[in-house]
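Please read these points with the sequence and the model open beside you. They are meant for someone who has not seen this entry before.

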Amino acid sequence: MKVLIFKTKEEACNWTADKLISAIKDFQPSAEKPFLVLGLPTGSTPIDVYKRLVAAYKAGQISFKNVVTFNMDEYVGLSAEHDQSYHYFMNENLFNHIDIPQNQIHILDGLAKNPTEECHLYEEKIASFGGIDIQLGGIGENGHLAFNEPGTSFDSVTHVQQLTQNTIEVNSRFFEKKEDVPQKALTIGLKTIFNAKEVIVLALGRKKAEAMYQSTRMAVSENCPASLMQNHTKSIFVIDEEAGSKLS
Ligand code: PGA
């Protein structure tokens, strides 16, 4: 595990975007490995990273023709058209503006008739591409990664997750009222994230300072899901000074 602390949010986002842009540029497709596989998050944290990826595509620096994506999670009960669904978020912030073929985009279906089966198939699909090469993630104020809430097993794979009151409250800022926030989500598991060849967790702002402290300075514990990344040989926490304010 590495922790990279940048002075500003902008520098942290730029570093993260540059890392992804380089990986996309450097990727050489072959018969055995036709696609670079990216794991992608939603939330306020990655928005500026996506802006830079779109700008790099528009400037002709990168193409997503050989990129496959797997999103981390989706709310149960929201359709792809719902403006708070993660399908909608990804289309608005990234996919509508780049040249990725639709069939190379994967997002869990929040309306799946059989959510358990949906999760199982998602995990199989990730495996069919040889796993995730680079997993980008945000972190919750409670240390969650994707929607893996505190107490989730480190052995978890893609599953249905009951959201905690803390997450529901934090995410209610995007909904008209707190009661509108879905109580459950489909999410890749902590093992799914851990199995990625490289993991980048981006954390911005003072509200993430305690989660960063628990994740990187305290013992690895299922009470703080992101702490698992201490055991990953290629994990990097990319943070701004505010998120790092409890680390000195
Ligand atoms: P945020 O969410 O990027 O909106 O802060 C991150 C998360 O909850 O994982």
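Does Ile 21 count as buried or exposed, and at what relative accessibility? Ile 21 counts as buried, at 8% relative accessibility; buried means under 20% relative accessible area, exposed over 50% and partly exposed in between, with a 1.4 Å probe and protein chains only.

This is a predicted model, in which local features need pLDDT of at least 70 and side-chain atom pairs count only at pLDDT 80 or more, while totals for chains, interfaces and linings use all residues. Residues are numbered from 1 along each chain as its sequence is written, and side-chain values use heavy atoms, with hydrogens and water left out.

1. Helix α1. Ile 21 sits in helix α1, which runs over residues 9-26. Helices (H or I, at least four residues) and strands (E, at least two) are DSSP runs, numbered from the N terminus. The 18 residues of α1 reach 26 Å from first C-alpha to last, close to the 26 Å expected at 1.5 Å a residue; the expected span is 1.5 Å times one less than the number of residues. Its buried residues are Ala 12, Cys 13, Thr 16, Ala 17, Leu 20, Ile 21, Ala 23 and Ile 24. They lie on the same side of α1, because they cover an arc of only 165° around the axis; the arc is that of the directions from the helix axis to the C-beta atoms. On the other side of α1, Glu 10 and Asp 26 are exposed.

2. Helix α4. The end C-alpha atoms of α4 (residues 115-128) are 20 Å apart, which agrees with the 20 Å that its 14 residues should span. Glu 118, Cys 119, Tyr 122 and Ile 126 are buried in α4. These buried residues fall within an arc of 100° seen down the axis, so they line one face of the helix. The face turned away from them carries Thr 116, Ala 127 and Ser 128, which are exposed. As background, an α-helix has 3.6 residues a turn, so residues three or four places apart point the same way.

3. The ligand. Which residues surround the ligand? They are Gly 43, Ser 44, Thr 45, Gly 138, Ile 139, Gly 140, His 144, Arg 173 and Lys 208, where near means that a heavy atom of the residue lies within 4 Å. A polar side-chain atom of Thr 45 lies 2.5 Å from a ligand oxygen. For an N or O atom in the side chain of Lys 208, the distance to an oxygen atom of the ligand is 2.6 Å, and for Ser 44 it is 2.8 Å. The protein covers 84% of the 280 Å² of accessible area that the ligand has on its own; such areas come from the Shrake-Rupley method with a 1.4 Å probe.

4. Strand β10. Ser 235 is found in β10 (residues 235-240) and is buried, with a relative accessible area of 3%. Its side chain reaches the backbone oxygen of Met 229 at 2.7 Å. A polar atom of the Ser 235 side chain also lies 3.4 Å from the backbone oxygen of His 232.

5. Cysteines. The structure holds 0 disulfides, a disulfide being a pair of cysteine sulfur atoms within 2.5 Å. Cys 119 is buried at 3% relative accessible area, and Cys 224 is buried at 7%.

6. Ala 146. This residue has a positive phi of about 50° although it is not a glycine. Most residues other than glycine have a negative phi. Ala 146 lies in the loop between β6 (134-137) and β7 (159-162), and is buried with a relative accessible area of 7%.

Note on methods: Polar contact = N/O pair within 3.5 Å; in protein donor to acceptor, adjacent residues only side chain to side chain.
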